Amino acid sequence: MILPIAVGIAEVALAVHSPLPIVGVQRHATDGIVKIDAVSFKGKGPASNPMVDLYVAMPYEHLQFASHDGAFVSEYSLLIEIRDTSGRTVVDTVISRTIVESSYTVTRGKTGKSDNVQQRFTLAPNTYIIEIGITDEFGMRTFTAQRTCRVQDFSSEHESLSSILYLSDIEQRGSRYTIIPYIGEYIWSNDQRLFAFFEYYSHAVGSHVGFTWDITTPDLRTLATGTSDAVAVPDRTMQSFVPLTLPTRLIPGDYVLSVRAHPADAEGVIDTTTTLLS
């Protein structure tokens, strides 16, 4: 579950699990089949509500494909419902998806491919329940997933960080990045390549900032830490990321990743004793 962040500190859950066996005819997201992530970012305008990017991944291996004109086709409907803490529905939409693949091996999940959907919503600061329903039109199966998403208020004049988005790969192009999201909070291998991507919001344009991260257990034992290079803040919104080094022999369980912003000087020295909080 993506957790809310305090101003200057971002936290996100990180779970390590053994792969689950696939048995039976109908499976549900309580088995980790449908993977979802929801991350919140600052709106574009000064008075804009935050933006929430919702990511949904439906693995091919749980969809039924039919042969058609020398290819393999699958169709499913994606229901997205978002409710606030009062139970009021603020988003209720259905998206139809059609997948066409040329390889039967790919459709059977041998390559681990998923159909990935990204949708952006503008939501007021609050806590929301996101419910996902996927109906396989050919297989006549339904899969569900649920997630809690807390959207913070970014209207403060102080420094803050967006939610954290896990990435499996990232490429910098000038001041922007091309990213491949890693959807879901479960990881399957200690050797997995993983990055934490986020936005840093500051009114001190031209200042310098650095980031530290740590992975801790629920009882606050630190398992891994890291520090980024210091960078100049080019604008009020700055995209950044840190590569994560997972602890060796990380056993199945639940962990917390925390990212913190710290002031730095022009020489690149990061003051980790000071966290940029309001």
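**Close-up views of a predicted model**

**View 1. Surroundings of Phe 121.** Phe 121 touches Pro 50, Met 51, Val 52, Leu 54, Ile 80, Ile 82 and Val 91, leaving out residues up to four places away in sequence; a contact means heavy atoms within 4.5 Å. The model is predicted, so local features need pLDDT of at least 70 and side-chain atom pairs count only at pLDDT 80 or more, while totals for chains, interfaces and linings use all residues. Residues are numbered from 1 along each chain as its sequence is written, and side-chain values use heavy atoms, with hydrogens and water left out. Phe 121 belongs to strand E7; helices (H or I, at least four residues) and strands (E, at least two) are DSSP runs, numbered from the N terminus. Its relative accessibility is 12%, so Phe 121 counts as buried. Buried means under 20% relative accessible area, exposed over 50%, and partly exposed in between, with a 1.4 Å probe and protein chains only. Asn 49 is 72 residues from Phe 121 along the chain, and their C-alpha atoms are separated by 9.8 Å.

**View 2. The largest nonpolar core.** This core has 31 residues, and Val 34, Leu 78, Ile 80, Ile 132 and Ile 134 have the most contacts inside it. Strands E2 (35-41), E3 (51-59), E5 (71-83), E6 (89-101), E7 (114-122), E8 (126-136) and E9 (141-151) each supply at least two of its residues. The largest share, five residues, comes from E5. A nonpolar core is a set of buried Ala, Val, Leu, Ile, Met, Phe, Trp, Tyr and Cys residues joined through side-chain atoms within 4.5 Å. Beyond four places in sequence, Leu 78 touches Val 56, Thr 93, Val 94, Ile 95, Val 117, Ile 132, Gly 133 and Ile 134. Another core lies apart from the largest one and has 24 residues, among them Leu 194, Phe 211, Val 233 and Leu 246.

**View 3. Ser 74 in strand E5.** Ser 74 lies in strand E5 and counts as buried because its relative accessibility is 0%. A polar atom of the Ser 74 side chain is 3.1 Å from the backbone oxygen of Gln 64. Apart from neighbours within four places in sequence, Ser 74 is in contact with Leu 63, Gln 64, Phe 65, Arg 97, Thr 98, Ile 99, Asp 136 and Phe 138.

**View 4. Two loop residues with positive phi.** Met 140 lies in the loop between E8 and E9. Its phi is near 55°, a positive value in a residue other than glycine. Met 140 counts as exposed because its relative accessibility is 65%. Leu 220 is found in the loop between strand E15 (208-216) and strand E16 (222-227). Phi of Leu 220 is near 75°, again positive in a residue other than glycine. With a relative accessible area of 69%, Leu 220 is exposed.

**View 5. The protein chain as a whole.** The chain contains one helix and 19 strands. Buried residues make up 46% of its 278 residues. Among contacts between residues at least 6 apart in sequence, 70% join residues at least 24 apart.

Technical notes. A polar contact is a pair of N or O atoms within 3.5 Å; within protein, one must be able to donate a hydrogen and the other to accept it, and residues adjacent in sequence count only if both atoms are side-chain atoms.
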